[in-house]
Amino acid sequence: MASWKLALLHACDMFRFAALLLSTLGALIASPISAQSLALVNLPVVYVSMPSIQKTHQGQAIASTGAARPTVPQHAETLQFAAIRPQAYEAAALPAWTPPAFVDRRFRSYRDGIAQYGPFLVLDDRRVAMIGETDASTPGQFRAMLRDFPRLRQLDLVECPGTQDDRANLSLGRMIRAARLVTHVPAIGSVRSGAVELFFAGIQRDISQGAEFAVHSWMDPYGREAGDFSIDSPENRQYLEYYREMGMSSDQARAFYDFTNSVPHHGALWLGAGDMRRWTAHPQPATVRAQSKPVQRAPNLAYADVTFS
């Protein structure tokens, strides 16, 4: 009799152990998986002058090949754009770039501010820094910031990898222009992908030596890029119209748009401060005698295999 009770108690213990094991296994299976995202892996912001780019796939980092970003070779002869698709247009002739007169170029650490609104870090009542990418909520955050700090006059683009929502990003650019903000890229600044549209939104645009830019084609949720649509399609017209609103002529808008789309979304063309200044020059006022300088050609850049949002 005693042996029968002992066997029963042993069986109950085994049953409880099996139930505990199955419960633990079920909890593990029910845990959510990592979110899928094609966003740029978060980078250390603003504290390096040469930010590293990490390729991702479904939210997971892809091992780096160890290749450094290519340098731009110096050539005496004229080079062609590094293009993936055939280029039908060359850049329009632009006047010589001159720095804006009313930009606060004093160095800021960009580590601390008096208020934060999404990617916007308010430094003081006149100056705000942008650190991070934009999304559908960013226009509302910008509007709230202007409500609380109506005297803001300058937007420093510091670590700006791009956008998760192109339409919201273009809307934000128009809001920056309506607020009559100056856009300034400090020497440690990196402005990439959709953030370049925000740089153009400044009523004046200023670039410190050492700043860097990167452009590439956009991509929709179905994997289609600019070259998959006709130039007159609504998908492409919205960018051309935006560039014209920001002060480019029709020829300049088309030339810059072709330039950005000369590499696919999963690549980039890197531009230094001098290269980008050629695209941001404003026509000189009629009251100023034009300089007798040779026409500057568009930047000649090499291809880098990186991914942006």
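Me: Which residues have the most contacts inside the largest nonpolar core?

Reply: F120, F200, F213, Y243, F256 and M276, in a core of 51 residues. A nonpolar core here is a set of buried Ala, Val, Leu, Ile, Met, Phe, Trp, Tyr and Cys residues joined through side-chain atoms within 4.5 Å. M276, for one, touches V196, F199, F200, I207, F213, F256 and L271, leaving out residues up to four places away in sequence (contact means heavy atoms within 4.5 Å). Another core, of 6 residues, lies apart from it, with Y110, L121, A129 and I131 among them. Keep in mind that this is a predicted model, where local features need pLDDT of at least 70, side-chain atom pairs count only at pLDDT 80 or more, and totals for chains, interfaces and linings use all residues. Residues are numbered from 1 along each chain as its sequence is written, and side-chain values use heavy atoms, without hydrogens and water.

Me: Why does F107 count as exposed?

Reply: Its relative accessibility is 66%, so F107 counts as exposed; the scale is buried under 20%, exposed over 50%, partly exposed in between (1.4 Å probe, protein chains only). F107 sits in the loop between strand 2 (60-61) and strand 3 (115-117).

Me: What makes helix 3 roughly parallel to helix 5?

Reply: The axes of helix 3 (residues 166-178) and helix 5 (residues 234-245) cross at roughly 10° and come within 11 Å. Angles under 35 degrees count as roughly parallel, so helix 3 is roughly parallel to helix 5. Helix 3 makes the contact through residues including L170 and R174, and helix 5 through residues including Y239 and Y242.

Note on methods:
Helix = DSSP H or I, 4+ residues; strand = E, 2+ residues; numbered from the N terminus. Axes fitted to C-alpha atoms, helices over the stretch in contact; angles between N-to-C directions. Parallel < 35°, antiparallel > 145°, perpendicular 65-115°, else oblique.
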